[in-house]
Amino acid sequence: MKEISEILKAHSQAKAAGKKTALATVVKVEGSSYRQPGARMLVTEDGLLTGAISGGCLEGDALRKALLSIHQQQNKLITYNTSNEDDSEVGLQLGCNGIVHILFEYIDDEVVNNPIQLLQQLELQRKDAVVATVFSLKRQATQTGTVLFYRENETPIYGNNTLPDILEDAKEALSTKTTLVKKLLDEHENEVLADYINPPVSLIIVGAGNDVQPLVKMASLLGWEITIGEGRATHATKKRFPEAKQVLVVKPEQLLENIIIDEQTYFVLITHNYKYDLAVLKLLANTNCNYIGILGPKTKFNRMLDDLNNEGIQLTNEKLNNIYGPIGLDLGAETSEEIALSIVAEIKAVMSGKQGISLKYKTEKIHSTTNTSCLI
């Protein structure tokens, strides 16, 4: 979602300056690739790039293709074979062992529900959604482009030239929370990328000490929305945490009054105040929060459990599985910056369903394979 937000901001600035733009989207990958289907990049007519479709290896040629799309005002699909070391057409010689299909869409700001306007729907509320893009690998085929925005219990929003049978694919992607690439089996050999997109991570940091500052900086680099809650007005200030979306000076019992908890909400208890942390943990015991990290040794966490038990609050095994105390991956962290890194890494691992092991020891592919199939 961070990449999409940056693209929307860049487009708004380009539109205000009267600059034309094109949107590049990775719509399909065969084999290995640095970026997966759904990766996007905005290109302005003066060559400004926002977002990424690779690790930097394809952007140079992609810039030229995007400028051509802008000049001709039409969509184009380009295929890069990054495993072909003898590729004289683009001279990539990357050895990535993959084929990457990228759709370039000219953004006509006069067209209602153009690709950018469909992406803008994502920022209107904190709910997951699917953005569908139709393309064809057939030579000389007309490239339909990004044509559908779908969110559960809402009326689908269609762009121009949409195909009526892709709504079910969007619904499937949303229900399975998985990005899908499907063949439509029509005369144009069209395929659809049904891109499942989560709202941004909401990181609630309970505490506003100096060791919170590097944590906020690292989390903001990832595009997470950060809320800080603390009882000390001298510490919880916007000046100390300019990257935070909101900074609250609150008593522990008031904290959750200002927060919406959903599947993308993660809590970090780092006040260095035992009673404050305990009071917040007591409140979180009655929520569906799927991650609560508590700074401090195991003895502190066990003491908190004992104190809760003495008040008649017994955490279920499911809730205990969602509490990480001590917080963070075992990186050998000592400084506040290193501890912040271990915390961010653990949260990312938890949200991805990973154990946080070194990639050296993985026997399977690094990235999960996008579900690809035919529509029958």
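This is a predicted model: local features need pLDDT of at least 70, side-chain atom pairs count only at pLDDT 80 or more; totals for chains, interfaces and linings use all residues.
## Basis

Residue numbers start from 1 along each chain as its sequence is written.

## Overall build

The chain has nine helices and 17 strands, counted as DSSP runs numbered from the N terminus (helices: H or I, at least four residues; strands: E, at least two). Its C-alpha atoms fill a box of roughly 70 × 45 × 40 Å along the principal axes.

Of the 376 residues, 46% are buried (under 20% relative accessible area, with a 1.4 Å probe and protein chains only). Among contacts (heavy atoms within 4.5 Å) with a separation of 6 or more, 60% join residues 24 or more positions apart.

## Residue F267

F267 lies in strand 14 (residues 265-269). Its relative accessible area is 0%, so F267 is buried. Leaving aside neighbours within four places in sequence, the contacts of F267 include I204, V206, L256, I259, L284 and Y291. P297 is 30 residues from F267 along the chain, and their C-alpha atoms are 17 Å apart.

## Second largest pocket

A pocket is an open set of points on a 1 Å grid over the protein atoms alone, with protein on both sides within 12 Å along at least five of seven lines; a cavity is a set where a 1.4 Å probe fits but cannot get out, and lining residues have an atom within 4 Å of a point. The second largest pocket has a volume of about 980 Å³, meaning the space filled by probe spheres set on points joined across faces, edges and corners. It is lined by 33 residues, of which N75, K76, A141, T142 and Q143 are the closest to its centre.

Strand 4 (76-81), strand 5 (98-107) and strand 7 (145-150) each supply at least two lining residues, and strand 4 gives the largest share, four residues. By class, this lining has nine nonpolar, 18 polar and six charged residues (nonpolar: Ala, Val, Leu, Ile, Met, Phe, Trp, Tyr, Cys and Pro; charged: Asp, Glu, Lys and Arg; polar: the others, Gly among them).

## Cavity

The structure holds one cavity of 30 Å³ or more. The lining of the largest cavity consists of F149, Y150, R151, E154, T155, P156 and I157.

Definitions and conventions
Side-chain values use heavy atoms; hydrogens and water are left out. Buried means under 20% relative accessible area, exposed over 50%, partly exposed in between (1.4 Å probe, protein chains only).
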